[in-house]
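Let's take a walk through this structure, one piece at a time. Keep the viewer open and follow along.

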Amino acid sequence: MLAMNYRGPYRVRVEQRPMPEILHPEDAIVRVTRTCICGSDLHLYHGMVPDTRVGSTFGHEFIGVIEEIGPLVTNVKVGDQVIVPFNIACGKCNFCKQGLYGNCHESNTMATAVGGIFGYSHTAGGYNGGQAEYVRVPYANVGPTVIPADMDPDDAVLLTDVVPTGYQAAEMGGIKEGDTVVVFGAGPIGIMAARCAWFFGPSRVIIIDHLDYRLEFAKNYAKCEAYNFKSMADPVLFLKKITDWYGADVCIDCVGCEAEGNALQTFTGKITLMQAGAATALQWAINSVKKGGIVSVVGVYGPPFNYVPIGNVLNKGITLRANQASVKRLLPRLIDHVQSGRLEPKKLITHRVPLEEISDAYHIFSSKLDNCIKTVLIPSTKA
Amino acid sequence: MINDNQDYKNIPGWGMDIDVENEPTYPMKNYTGDDHKRSNYEKSEQQPVKIELLKSNERPKNSVVFGTSVPPSGLSGMIRRYAFQHSEDRYRHWIPLILADRINAWEGIIEDIQKGNIPNIFAERGYKAELKYNTAKLVERACYALIIGTIAIKYLRKKK
């Protein structure tokens with residue numbers, strides 16, 4: 001089968017690889033029909049995530065058709081078209097039972113700080129991902145969810161990560177009616193977080209980024225105010241000013257470790273790797289939120305540590321909330337939002353690319369060429 | 001020191017101010033109290049270990065399922081084995097892993113050449129897309145490289 005093959009920072013290719021096999025009685029093999037490149041895949045692509053081994057296949061956003069099931073799989077059958085959440089979850093550990101499917105304790109041998117994630121380095125379990133024609137899906141009784149018959153596959157593939165992560169980012173903000181919400185980052189997740197924030201009743205949603213084409217898209221898609229931080233001397237001061245010198249009620253970090261906008265963070269986080277990426281967005285979120293406000297973090301950072309103003313978290317009484325999205329918990333609600341037409345995820349897709357052209361697709365997304373917002377890869381495999 | 005007081009519920013005031021609504025992780029977490037059972041929950045059958053698996057030393061045994069994509073090998077594998085002797089709290093876990101990743105990229109090139117394939121690094125880096133969508137920038141970079149290269153060659157010739 002064809003699969004993506006990581007060769008080192010900024011180098012990927014597609015090549016023939018062995019078919020995945022059932023390795024556990026609860027496994028399934030899925031034939032991939034749509035798979036995306038996620039903004040967090042770029043952290044792997046740029047060599048920012050420790051234990052990303054050459055020869056790995058990335059891809060944690062994919063949908064497909066069940067081709068084979070292990071002897072203990074009962075919830076899905078061969079031929080089902082399924083959404084596969086990016087988290088690998090057993091459904092039995094204490095964390096899964098309490099709805100924390102992104103924190104499963106039985107899907108990652110290599111680290112305790114994160115649950116298993118498809119195609120996301122050995123730090124996240126060492127699984128091959130879905131940027132391939134076929135993929136092994138463990139715990140097939142738990143994660144895979146049958147795609148409703150009337151759902152567009154382009155909408156379905158964005159329910160594996162982008163929509164749940166954006167929604168949970170807003171949900172974790174504990175947004176109250178009339179609140180002012182600031183979202184840092186106008187990538188797919190930030191745009192979705194801004195759009196989903198309206199479900200919780202704020203009066204203002206503001207998005208901050210440095211790319212005009214993304215801000216323009218966010219303004220139209222998420223019906224929010226959009227500002228370019230490159231046009232400001234001091235983004236935190238700007239946000240204080242436009243919130244009556246009070247600060248936002250809720251700030252959401254949708255950027256993570258490759259933020260721009262602060263020379264010291266960039267030098268220590270991206271150039272010299274003296275911290276786990278540049279925490280500029282998180283720093284701004286902490287400093288822009290009101291006293292007693294909430295900062296919600298879904299931007300991905302590496303495991304070691306980051307320089308953030310934790311003293312201000314204490315002194316301002318900020319509640320910091322963060323997690324990998326619990327996709328399985330959120331799917332029923334989000335499928336309803338999509339089917340009712342309240343959410344239109346597929347509008348985020350700007351590029352549809354054959355799997356064979358993955359090197360170019362990564363470069364376009366990474367370098368923000370051709371006004372790229374979201375790229376979907378389409379394997380040519382037929383049943 | 002372990003406090004083995006089994007009658008903690010007799011401590012004056014124990015549990016008086018419990019507020020079950022005060023769950024900061026809600027709605028992410030539907031608190032059930034199962035955390036207090038620690039790791040004694042029902043587990044599925046263990047996936048057999050047929051490859052070399054590096055296990056975090058912060059857990060007593062392997063997770064029920066695990067990925068088998070790229071077992072450790074070569075010099076990078078030796079460094080990864082060292083890293084996994086240390087907990088996820090220690091820099092001596094993460095920094096060796098980053099070093100191993102960089103060495104692994106070179107091992108990948110050597111492996112390709114050993115198999116008789118010269119890796120097409122320009123294609124792997126997606127420069128076809130750069131040429132299509134960012135031609136001006138690519139030409140600018142090529143010019144800078146040409147100028148710097150010419151100056152360097154001239155300097156070296158002069159020195160000789």
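In which sense do strand 14 and strand 15 of chain A pair, and over how many bridges? Strand 14, residues 289-297 of chain A, pairs with strand 15 of chain A in the parallel sense, over 4 bridges. One place to look is V297(A), which stands opposite A322(A) in strand 15 of chain A. Bear in mind as you look that this is a predicted model.

Six strands of chain A make an open sheet, in the order 12-11-10-13-14-15, and the pairing is parallel. Strand 12 (225-228) and strand 15 (319-322) of chain A stand at the edges; each has a single partner strand, so one side of each has no neighbour in the sheet. From one strand to the next, the twist averages 20 degrees. As for what holds such things together, strands of a sheet pair through backbone hydrogen bonds.

Next up is helix 11 of chain A, residues 327-339. Its 13 residues, at 1.5 Å a residue, should span 18 Å, and the end C-alpha atoms are 17 Å apart, so the two values agree. Still, helix 11 of chain A has a kink of about 35 degrees, centred on R333(A). Several of its residues are buried, namely V327(A), K328(A), R329(A), L330(A), L334(A), I335(A) and V338(A). Strand 6 (87-88), helix 3 (153-158) and helix 4 of chain A are among the elements that cover them. After helix 11 of chain A comes G341(A), with a positive phi near 85 degrees.

Then there's a glycine to click on: G115(A), in the loop between helix 2 and strand 7 (116-117) of chain A. Is G115(A) buried or exposed? With 27 other C-beta atoms within 10 Å, G115(A) is buried, because the cut-off for that is 20 or more. Leaving aside neighbours within four places in sequence, its contacts include N87(A), I88(A), C104(A) and Q324(A). L100(A) is 15 residues from G115(A) in sequence, and their C-alpha atoms are 9.8 Å apart in space.

Finally, turn to where the chains meet. The contact takes 58 residues from chain A and 53 residues from chain B. On the chain A side, strand 1 (2-8), strand 2 (11-16), helix 2 (94-97), helix 4 (162-172) and helix 12 (358-366) each supply at least two residues. Helix 12 of chain A gives the largest share, 5 residues. By type, the chain A side divides into 23 nonpolar, 23 polar and 12 charged residues.

Technical notes. Residues are numbered from 1 along each chain as its sequence is written. Chains are lettered from A and ligands numbered from 1 in the order in which they are written. This is a predicted model: local features need pLDDT of at least 70, side-chain atom pairs count only at pLDDT 80 or more; totals for chains, interfaces and linings use all residues. Two strands pair if DSSP finds at least two bridges between them. Axes are lines fitted to C-alpha atoms, for helices over the stretch in contact, and angles run from 0 to 180 degrees between N-to-C directions. Two residues are in contact if their C-beta atoms, placed from the backbone, lie within 7 Å. Ala, Val, Leu, Ile, Met, Phe, Trp, Tyr, Cys and Pro count as nonpolar, Asp, Glu, Lys and Arg as charged, and the others, Gly among them, as polar. The expected span of a helix is 1.5 Å times one less than its number of residues. The bend at a residue is the angle between axes fitted to the seven residues ending there and the seven starting there. A residue is buried if 20 or more other C-beta atoms lie within 10 Å of its own, exposed if 12 or fewer, and partly exposed in between; C-beta atoms are placed from the backbone.
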